[in-house]
Amino acid sequence: MELLDRYLQAVKKHLPWQRQDDIIAELKTNLEAQLEDKEAELGRPLTNSEIEAWLKKMGAPFQVAARYFPQQYLIGPAVFRMYWLVLRLAVSWAVIINLFVSGVQLIVNNSSPNAVGDAILRIPGVIMSVAAWVTLIFAAIEFGATHYPSRLQALTGDTFDWSSGALPPVESRSTSGKQLRSYAYAVAEVVFGFIALVWLLLIPQHPYLLMGPGAYYLQASPFQAAPVWIPVYWCIVALNVIQVGWRGIDLIRGRWSGPRRAQHFVVKILGLVPLVLVLTIRDRAYFTLRHPAADEAHYGAALAAINHAIHLGLLVVCFIVVAELLWDLGRTGVESYRKRMAAMQ
Amino acid sequence: MGYSMTMTENLFENLRMELRRGCLTLAVLAQLRQERYGYTLRKALAERGLEIDESTLYPLLRRLESQGLLTSEWREEEKRNKRFYRLSGDGEQMLGQLFEEWQTINAAVDATIQNS
């Protein structure tokens, strides 16, 4: 019996203190009766190892005690879906806002590129902190919903006011067979788009972010970029702002998975603006001499060759962009024609 | 192969437990139309083919009591203090409803299995 008493003592330690004596007294009676039955069946007392095996079969003391507690969840199934949705949104927006604030600080304070790395390294801490707060709030909601079910019924999912008419249309695969954009993919697009924007805005102060060591060579060379690149640069920035903003709005409005035809065409057409701007520059002077009077004789021919090569390159890029745009427009036209024909049949 | 067997066994065990859980409550309530204490209840269920672990049955009795479906009292029997349980008025009513539900489910599952 000593083993049984030791077992019951261990169980008792894990029981709710208000009921532990009562539960142990009942458990002891039942187990002793069971033990006596076993001994009567065998016609001899059980050996220590037999009692040990019997107790082991019953389960570890903390497991036996745990059965006397009601089932408990930190976040139960009734609120889990809402928790998961809020957690994803909160974490995504915390990362976006953190990057935005860091980006603004970097530009305003004209900080070094190392600060970009610091801002990125802060992201895991931000994610963990937001996740911890959301979890804590939902654990409190779960506690409330368990203890005051009538007051928090709306949060447990039974009484949500919704209408089937307000549901979004059936999602289909795009005609090209591409997989629909996932939420994580859409968030990554916004986050990386924003990082690219910050990088773009840092280029005027830190040209090596674009050209690498080439920036130092350019600085030491007799050539300099022509002023036409300034409006071109701001066109590219504006284009990126439009793209990131548009994607961000899609994300907020829950339309990240749908097709982005309008966005695609607007960005492509606007993308032609900086190209046209540089291609129409007078004399194709993409680069000029720092000291034309002194260097014209030495570097004039080289400068003309550089500008000519840049012009050819830009023409090729422009041709590719226009061809791609026309191809996409044609394909979209064919797709909508097919849809119209299918609808008429 | 061994891994998939273990997975299948685990899955079967989980599904079996789910299937048994509700039935056990019904069987316990039915058995407690007559007053019993924990161990004799366990024996009575085992004799009818429903083996149930001590660590499952005794907490279940507490839970059913806290839900008002059972009543209990400590009483001495064979020189030992025992906690006797029996069905309460609410428990009687609940047993009737559950039994009806169980019969409906049983008939529907039977019909489904026979038709398929």
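Visitor: In which hand does H8(A) pass H11(A)?

Guide: A crossing is left-handed if the near helix is turned anticlockwise from the far one by less than a right angle, and right-handed if clockwise. H8(A) crosses H11(A) in the left-handed sense. Helices (H or I, at least four residues) and strands (E, at least two) are DSSP runs, numbered from the N terminus. This is a predicted model, in which local features need pLDDT of at least 70 and side-chain atom pairs count only at pLDDT 80 or more, while totals for chains, interfaces and linings use all residues. Residues are numbered from 1 along each chain as its sequence is written, and chains are lettered from A and ligands numbered from 1 in the order in which they are written.

Visitor: At what angle do H8(A) and H11(A) pack?

Guide: Axes are lines fitted to C-alpha atoms, for helices over the stretch in contact, and angles run from 0 to 180 degrees between N-to-C directions. Helix H8 (residues 183-202) and helix H11 (residues 229-252), both of chain A, pack at about 155°, their axes being 9 Å apart. H8(A) is therefore roughly antiparallel to H11(A), a term for angles over 145 degrees.

Visitor: Which residues of H8(A) meet H11(A)?

Guide: Residues are in contact if their C-beta atoms, placed from the backbone, lie within 7 Å. Those of H8(A) include A:Ala186, A:Val190 and A:Leu197, and among the residues they meet in H11(A) are A:Val237, A:Val241 and A:Val244.

Visitor: Which residues of H3(B) are buried?

Guide: A residue is buried if 20 or more other C-beta atoms lie within 10 Å of its own. In H3(B) these are B:Ser55, B:Tyr58, B:Leu61, B:Arg62 and B:Leu64. An α-helix has 3.6 residues a turn, so residues three or four places apart point the same way. Across chain B, 19% of the 116 residues are buried.

Terms used: Buried ≥ 20, exposed ≤ 12 C-beta atoms within 10 Å, placed from the backbone. Parallel < 35°, antiparallel > 145°, perpendicular 65-115°, else oblique. Contact = placed C-beta atoms within 7 Å.
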